[in-house]
Amino acid sequence: MIEIFLIAIGAGIVGSILGLGGGIIIVPTLTLLFGLPIRTAVAASTVSIIATSTGAAVAYLQDRLTNTRVAMWLEMGTATGALTGALLAGVVNQRFLFVLFGLLLGYSGYNMFRARKSELPTGVVPDRLSQKLNLGGSYYDHLQHRQIDYQVTGTIPGLIIMYFSGAAAGLLGIGAGIFKVSAMDQVMRMPFKASTATSNFMIGVTAASGAVVYFARGDVKPLVAGPVVLGVLLGALVGTRLMIRMRTTTIRKLFIPLIAYTAVEMIYKGVKWW
């Protein structure tokens, strides 16, 4: 249990900084290192994402890094997509989807790599819907010691991408955080810190709906989920304090390898099953 708790702390730190939850670390660790069933690992990971989101949301909302208007707008697409994905899970060829979403992630990672030296987006002109919904925001950057005011564009394309990311989550059983951060950074041109903080807020809402199913099926094992949730929550509290003092370029450099790894793994899964 102590080993699981310590690993969960690391997952919470990484998840809260990058806006991904800790599942990308928790699930492989519990299955490969501790030999637990995949359903038990995924159930513990899902519950821990709620802990990450809760722990991070308190700090990020206080620092005004989370853009709740953007989160509510994009959740409409994610929730609708997740419902569509769940309904189509038994119909659509998942091998094709793995390859398609892997290629999309790879393209997004390439664009992120090109912008790796950019601290903040420049020349962003808000579209008409963004102005009407007042999606722009501001936050105080502790590293630069100044207020950052920003605008949001690509409102409709961002919502469409959220719909497909939600469908991918429902179809493939993956977390959608990596799609959310990419869409807000690459399409809606939000500052990277605001993107990861807003993603942290959103993934808790998505995970909460899935957690109900795992609880009802009895997949949540208290001796596994307990240390995972406590460790992730503690890690998330540490991660949020670290993130607000980190350079955007540093966070982006941490994110790019993860997005590249996820893209390669998804394409590999799709090709392997062919």
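Modeller: Let's start with a rule: Ala, Val, Leu, Ile, Met, Phe, Trp, Tyr, Cys and Pro count as nonpolar, Asp, Glu, Lys and Arg as charged, and the others, Gly among them, as polar. The model we will apply it to is predicted.

Colleague: How do you know what classes of residue line the second largest pocket?

Modeller: Sorting the lining by that rule gives 11 nonpolar, five polar and no charged residues. The pocket holds about 300 Å³ of space. Among the 16 lining residues, Leu-104, Ser-108, Ile-161, Phe-179 and Val-187 are the closest to its centre.

Colleague: What makes β1 and β2 a pair of strands?

Modeller: Pairing needs at least two bridges, and five join β1 (residues 137-141) to β2 (residues 146-150), so the two strands pair. They run antiparallel. Tyr-140 stands opposite Gln-147, and Ser-138 stands opposite Asp-149. The two strands form a hairpin with four residues between them, and His-145 in the turn has a positive phi of about 55°.

Colleague: Why are α3 and α10 said to be in contact?

Modeller: Contact means heavy atoms within 4.5 Å, and residues of both helices make the contact, including Ala-51 of α3 and Val-232 of α10, so the term applies. The axes come within 8 Å and cross at roughly 30°, and the crossing is right-handed. By class, the contact has 15 nonpolar, six polar and one charged residues. Arg is on the charged list, so Arg-241 of α10 is that charged residue.

Definitions and conventions: Residues numbered from 1 in each chain as written. Predicted model: local features only at pLDDT ≥ 70, side-chain atom pairs only at ≥ 80, totals over all residues. Heavy atoms only, no water. 1 Å grid on protein atoms, 1.4 Å probe; cavity = no way out; pocket = protein on both sides within 12 Å on 5 of 7 lines; lining within 4 Å. Points joined across faces, edges and corners; volume = space filled by probe spheres on them. Axes fitted to C-alpha atoms, helices over the stretch in contact; angles between N-to-C directions. Left-handed = near helix turned anticlockwise from the far one by under 90°.
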